[in-house]
Amino acid sequence: MKRLLSGIKPTGELTLGNYLGAIKQFVDMQNDYESFIFVANLHAITVYNDKEELKKRTRDLVAIYLASGLDPKKTTIFLQSENNYHNNLGWVLECNSYIGELNRMTQFKDKSKNKSANAITCGLYTYPTLMAADIILYDADVVPVGIDQKQHVELTRNIAERFNNRYGETFKIPEPFIPKTGEKIYDLQNPTKKMSKTEDNPKGCITLLEDPDKAVKKIMGAVTDSDNQIKYDLQNKPGISNLMTIYSALSNKTIAEVETEFKDSNYGTFKKAVAEEVKQFLIDLQSKYQKIIDSNMVDTVLDEGIKKARTIAQAKLNEVYEKVGLSR
Ligand code: TYM
């Protein structure tokens with residue numbers, strides 16, 4: 001069975017974008033792959049987080065993974081900070097990567113734009129090398145991510161290939177898996193920008209644990225064009241196309257089916273249907289989340305997951321240290 005690996009940072013509130021671009025894929029794919037899904041909490045501290053909030057978001061993320069349908073029998077779920085081999089390999093990879101390639105990472109460029117050099121952590125800069133370690137430590141074949149993370153998986157491939165050429169065949173070269181529907185969910189108020197958990201405009205973003213009625217209002221108030229036709233055209237009709245993507249992904253209908261279903265409807269009717277779909281999705285997810293967070297399931301799952309993750313990672317790290325000359 002091929003191996004799948006991915007993770008999410010527990011910073012900010014999780015959004016519908018995280019769900020459709022990432023979590024939904026993890027759930028859909030877990031039957032076909034040996035899956036490893038982790039909480040990327042080491043990545044979270046590339047920017048400052050309040051300690052209690054970080055811990056809460058860490059637990060919430062695991063509960064959301066489970067509430068969304070990740071099955072611990074099929075998917076190993078673990079906490080990155082509990083597996084030191086990630087840091088160990090991260091350092092080796094950092095020493096086998098170049099400033100030139102990190103300078104080309106568009107996410108770093110975006111996040112550091114207009115900030116003084118004294119306000120950007122070194123961790124934010126080198127984090128793609130830790131992400132590469134997360135992936136190749138497990139010989140992952142496939143890495144499901146939204147489109148914004150594709151460049152980091154491509155960097156991972158380059159680093160792994162370079163390492164293999166220099167030290168001999170060691171790592172599998174992973175493939176990114178980008179969903180056809182949901183690769184990038186856009187902000188509801190500014191539909192050319194990614195829906196983001198750190199976005200300043202809360203009206204543009206639906207978070208997974210928010211009041212479903214508030215989410216309804218946000219969908220009803222989403223920015224659209226004025227031609228009143230439900231047609232998918234990301235270039236010219238980004239707002240309505242974004243809502244179509246959301247509806248299509250949540251209802252498991254294709255975009256063509258959505259177009260047919262609403263060909264005689266106006267934007268008001270269509271928005272109501274999207275809002276209802278989102279509301280039902282949130283109610284369902286949140287009721288499962290609540291049961292999980294009130295139980296001891298998060299700890300049980302993490303305790304189990306870390307054992308398997310460590311065993312695999314340790315064997316790979318020993319091999320790497322041996323090849324690099326870091327053993328006696
Ligand atoms: P993060 O935490 O920013 O995002 C987690 C996942 O959610 C996807 N995503 C979106 N997809 C569609 N539309 C959106 N608006 C949207 N916003 C976020 C992201 O593409 C991602 O798949 N570096 C990673 C975490 C990470 C990781 C890894 C991922 C660390 N190590 C190893 C895969 C493999 C990150 O910051 O994702």
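A residue is called buried when its relative accessible area is under 20%, exposed when it is over 50%, and partly exposed in between, as found with a 1.4 Å probe on protein chains only. The model is predicted, so local features need a pLDDT of at least 70 and side-chain atom pairs count only at pLDDT 80 or more, while totals for chains, interfaces and linings use all residues. Residues are numbered from 1 along each chain as its sequence is written, and side-chain values use heavy atoms, with hydrogens and water left out.

We can begin with the overall division of the chain. The domain assignment, whose bounds come from an automatic or database source, gives domain 1 (3–182 + 296–324) and domain 2 (202–290). The centres of domain 1 and domain 2, taken over C-alpha atoms, are separated by 29 Å. Where they meet, 16 residues of domain 1 are in contact (heavy atoms within 4.5 Å) with 15 residues of domain 2.

The interior comes next. In soluble globular proteins, nonpolar side chains tend to be buried together. A nonpolar core is a set of buried Ala, Val, Leu, Ile, Met, Phe, Trp, Tyr and Cys residues joined through side-chain atoms within 4.5 Å. The largest such core here has 57 residues, and those touching the most other members are Ile23, Tyr65, Leu208, Ile246, Phe270 and Val278. Its largest share, ten residues, is supplied by helix H12 (residues 267–293), where helices (H or I, at least four residues) and strands (E, at least two) are DSSP runs numbered from the N terminus. At least three residues of this core come from each of domain 1 and domain 2. Apart from this core lies another one of 38 residues, including Phe36, Val92, Phe108 and Leu155. As for Leu208, if neighbours within four places in sequence are left aside, its contacts are Leu14, Thr15, Leu16, Tyr19, Ile23, Ile64, Phe281, Leu282, Leu285 and Gln286.

Helix H12 also packs against helix H9 (residues 212–220), at an angle of about 155° and with the axes 9 Å apart; axes are lines fitted to C-alpha atoms, for helices over the stretch in contact, and angles run from 0 to 180 degrees between N-to-C directions. H9 is therefore roughly antiparallel to H12, a description used for angles over 145 degrees, whereas those under 35 count as roughly parallel, 65 to 115 as roughly perpendicular and the rest as oblique. Among the residues that make the contact are Val216 and Ile219 of H9 and Val278 and Leu282 of H12.

Some single residues complete the picture. Asn242 lies in helix H10 (residues 238–251) and is buried, with a relative accessible area of 2%. Not counting residues up to four places away in sequence, Asn242 touches Ile185, Tyr186, Asp187 and Leu188. Glu183, in the loop between strand S5 (175–177) and H9, is partly exposed at 35% relative accessible area. The C-alpha atoms of Glu183 and Gly17 are separated by 8.4 Å, although these residues stand 166 residues apart along the chain.

Two asparagines have a positive phi without being glycine: Asn114, with a value near 60°, and Asn252, with about 55°. Asn114 is found in the loop between helix H6 (106–112) and helix H7 (122–136), and its relative accessibility of 79% makes it exposed. Asn252 is placed in the loop between H10 and helix H11 (255–261), and counts as exposed because its relative accessibility is 61%.
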